[in-house]
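Please examine the sequence and the three-dimensional structure shown here before reading on. The briefing is arranged by topic.

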Amino acid sequence: MRKGLLALLLSTPLLANAGWNHTGTVNLRMDARKAGESALLSRVAVETSSELAERLTLQVEVEGNGETSVEGASAELRTLLLDWQVHDAVHLFAGWQQQVWGRADEVNPLDFAFAEDTRWYYLEPRAQRKLSRLSAGTRIEWGDSSLALFYFPESSRNRLADDDSIWCERACEFADPDFQRDQFAALGFVVHTSKASAPRHEWAGRFTSRVGGLDFGAAAYYGTDHRQRVERTFVTSGVVALETKEYQSLSYGLDAAYALGDVVARAELARYQDVKLYIDPELPRYLADDDGLTETDATAAILSLDYTAPGDIYLNVQYQDVWLGEPENEVILPRELNLATFQIAKTFYEPEVKIEWTTLYDIGKEGGFSKLEARWQMDMQWLLSVGCLAFDGEDSAEDYGAFRKNNSVYLATQYQF
Amino acid sequence: MKSVLSVLLMLALPAVVSAQDAQALMDKVNNRYVGDDALSEVTLEYTSKSGSSKQYQLRIWNIEENAGNKTLLKYTAPNFMRGSGVLVHSQDKQETLQWLYLSQAAKKEARKIAGSERGRPLFGTDIFYVDIESKATEDFAYQHLRDEEFDGTAAAVIQAIPHKPDYPYARTISWVDPERLLELKVEYYQDGKLLKTLIAEQIEQIEGVWTVTRSTVVNAKQGSSTLMKVDKINYNLGLQVEQFSFKALTAKEF
């Protein structure tokens with residue numbers, strides 16, 4: 001909210017003097033849920049940019065969100081970025097921005113540098129859920145190659161749904177120190193909570209290029225895991241001390257895309273070092289360990305295939321595998337996580353209607369999520385959508401079965417300018 | 001009586017490609033001189049069957065190489081599409097490479113398009129991705145069907161059948177002006193039915209190059225049409241091959 005207002009204040013006097021180029025979207029969406037409730041979700045986003053001086057550009061993007069059930073209204077700054085082109089190939093930049101990395105759709109192991117807003121996890125495309133963070137750096141572009149280097153002066157973390165939100169399941173609650181405090185208090189503990197000062201000085205780099213028909217890239221990030229952890233720092237008879245911490249670690253990986261005839265294959269491979277994991281987000285088992293956390297390395301890979309069949313039918317299948325290394329403690333977690341996604345879309349042109357079915361299935365958790373949506377492009381600016389969301393799996397299948405009560409139908413409209 | 005007159009008129013026309021092989025003529029058409037490079041400002045106006053319309057403005061860069069060409073297409077209007085575009089690298093005897101860039105998308109990188117997407121409409125118009133590729137003569141089997149006058153010009157009617165079964169059109173029939181080496185009309189067929197028809201409505205000689213400055217694609221399947229108007233074109237600007245790159249495709253200012 002504070003950054004959103006800052007952006008507006010900063011941009012107002014500038015708007016009067018510079019040639020601004022505005023674009024934006026207005027979204028309105030009504031959900032009717034299986035649980036019997038309904039909610040109105042709105043979002044207004046305005047993006048504008050101007051060349052303040054020769055080779056000096058300012059980009060501003062402000063977004064306002066409103067939700068009638070739990071989250072309420074908020075405004076935020078998504079972009080406030082100064083870009084100075086010091087040479088034909090070299091840019092220097094500073095300010096708030098958000099980026100998405102990786103070549104697969106929606107599931108990107110390589111997308112580790114920018115945190116996410118998880119409040120409406122399944123309602124928005126991943127790109128819309130990215131959170132901005134303050135950075136300074138350089139971007140060097142030549143031909144089909146690009147190298148971007150980032151310095152982040154402060155850490156960032158994912159924005160969690162409110163405890164009362166329908167999009168907050170067990171893992172979301174467990175990441176909240178207040179939730180853990182209440183749980184320990186219910187067991188008769190005296191609970192002390194504190195927050196460790198967040199680490200500073202983080203770094204990232206992204207390189208993309210092409211050789212012949214192979215598009216490829218690499219990325220690296222030294223910084224916080226955006227999932228903050230609540231660590232048990234002290235336990236004695238009847239007393240527990242909880243500290244909310246952010247941990248820095250190194251992540252790196254590669255991605256590539258290649259056209260195999262009529263199919264485009266996209267792949268990502270990422271390695272995460274020293275990842276902190278909860279032993280188990282269940283208090284009795286969590287208590288069994290010294291601090292409730294364990295540390296391990298993890299590797300994730302995804303393969304994505306795109307194909308357009310005759311009749312304008314688009315198909316995409318993806319398979320992701322995540323392997324956990326040897327943890328330092330015994331861990332009550334699956335050592336391998338598998339995720340498959342499938343998407344099929346058919347476009348009609350008179351009128352212009354796109355019908356899209358997306359399924360995401362977690363093979364390990366035996367739970368999944370499907371979305372069926374029809375989008376009518378009424379004219380160049382107006383889009384009307386109707387769709388339904390369906391979750392499946394056991395209650396223990398976080399992100400899926402736990403959300404079965406959120407099965408819903410929705411009606412949405414978007415205006416673009 | 002009218003049909004008899006038509007037949008007599010056709011018989012009176014010179015056999016425009018009688019001495020030429022259809023393959024050789026189409027090779028000349030596909031490889032005619034269109035400048036070493038070109039930059040054009042184009043307006044696309046799509047009109048649906050119901051009469052609603054949408055208008056786009058584009059800037060198109062093109063460069064010819066020894067064995068292929070490169071095209072960069074960037075939208076300049078409407079405002080919310082400004083910067084979006086398509087990059088095409090066509091190389092004889094190789095798969096055409098295409099990338100898409102959407103300025104509104106969060107991923108600010110070029111996205112490779114599958115060969116199977118070449119038969120999809122470009123941003124919802126009647127123009128397909130494949131229509132902005134250059135054509136290699138050896139990829140088609142040509143047949144001279146007849147000679148016929150089209151819009152006052154003696155034309156050779158040539159059928160082209162692609163060798164590759166996955167080409168978006170099963171066949172095309174072109175009315176070719178053998179003097180200016182231009183396609184005056186093209187019918188595109190899919191599944192044995194007429195899909196759409198391209199008609200060159202205005203042809204001008206600009207900087208010594210015969211240029212179609214106004215044409216319309218009528219979509220028989222959907223009842224829609226797309227008007228393409230070249231508002232401005234300049235040839236031989238000294239563009240460099242390196243300019244047809246990801247950097248240019250994703251550029252905010254161009």
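Predicted model: local features only at pLDDT ≥ 70, side-chain atom pairs only at ≥ 80, totals over all residues.

The secondary structure of chain A comprises four helices and 21 strands, while that of chain B comprises three helices and 13 strands. The two chains touch each other, with 32 residues of chain A and 29 residues of chain B taking part.

**Chain B as a whole**

- For a chain of 254 residues, a compact globule would have a radius of gyration near 18 Å; chain B has 19 Å, and therefore agrees with that expectation.
- The C-alpha trace of chain B spans about 65 × 45 × 35 Å along its principal axes.
- Buried residues account for 35% of the 254 residues in chain B.
- When contacts in chain B between residues at least 6 apart in sequence are considered, 45% of them join residues at least 24 apart.

**Helix α2 of chain B**

- Helix α2 of chain B covers residues 22-30, and Ala22(B), Leu25(B), Met26(B) and Val29(B) are buried in it.
- Viewed down the axis of α2(B), the buried residues fall within an arc of 95°, so they line one face of the helix.
- An α-helix has 3.6 residues a turn, so residues three or four places apart point the same way.
- The packing partners of the buried residues of α2(B) are the chain B strands β7 (140-150), β8 (153-162), β9 (171-177) and β10 (182-190).

**The contact between the chains**

- The contact draws on 29 residues from chain B and 32 residues from chain A.
- On the chain B side, the residues that touch chain A divide into eleven charged, ten polar and eight nonpolar.

**Chain A as a whole**

- Of the 417 residues in chain A, 32% are buried.
- Among contacts in chain A between residues at least 6 apart in sequence, 56% link residues at least 24 apart.

- Strand β15 (residues 293-309) and strand β16 (residues 313-324) of chain A run antiparallel and are joined by twelve bridges.
- Within this pairing, Asp306(A) has Asn316(A) in β16(A) as its bridge partner.
- β15(A) and β16(A) form a hairpin with three residues between them, and Gly311(A) in the turn has a positive phi of about 90°.
- β16(A) also pairs with strand β17 (residues 336-349) of chain A, in the antiparallel sense and over eleven bridges.
- Val317(A) stands opposite Phe342(A), which belongs to β17(A).

**The mixed sheet of chain A**

- Three strands of chain A form an open sheet with mixed pairing, in the order β8-β12-β11.
- Its edge strands are β8 (190-195) and β11 (229-236) of chain A, each of which pairs on one side only.
- Neighbouring strands of this sheet are turned by 20° against each other on average, direction ignored.
- β8(A) and strand β12 (residues 239-245) of chain A run parallel, joined by six bridges.
- Ser194(A) stands opposite Glu243(A) in β12(A).

**Ala185 of chain A**

- Ala185(A) lies in helix α3 (residues 177-186) of chain A.
- Ala185(A) counts as exposed because it has 12 C-beta neighbours inside 10 Å, the cut-off for exposure being 12 or fewer.
- From C-alpha to C-alpha, Ala185(A) and Phe93(A) are 48 Å apart in space, and they are 92 residues apart in sequence.

Conventions: Residues numbered from 1 in each chain as written. Chains lettered and ligands numbered in written order. Contact = placed C-beta atoms within 7 Å. Nonpolar A, V, L, I, M, F, W, Y, C, P; charged D, E, K, R; others polar. Pairing = 2+ DSSP bridges. Helix = DSSP H or I, 4+ residues; strand = E, 2+ residues; numbered from the N terminus. Rg over C-alpha atoms; globule rule 2.2 N^0.38 Å. Buried ≥ 20, exposed ≤ 12 C-beta atoms within 10 Å, placed from the backbone. Axes fitted to C-alpha atoms, helices over the stretch in contact; angles between N-to-C directions. Arc of directions from axis to C-beta.
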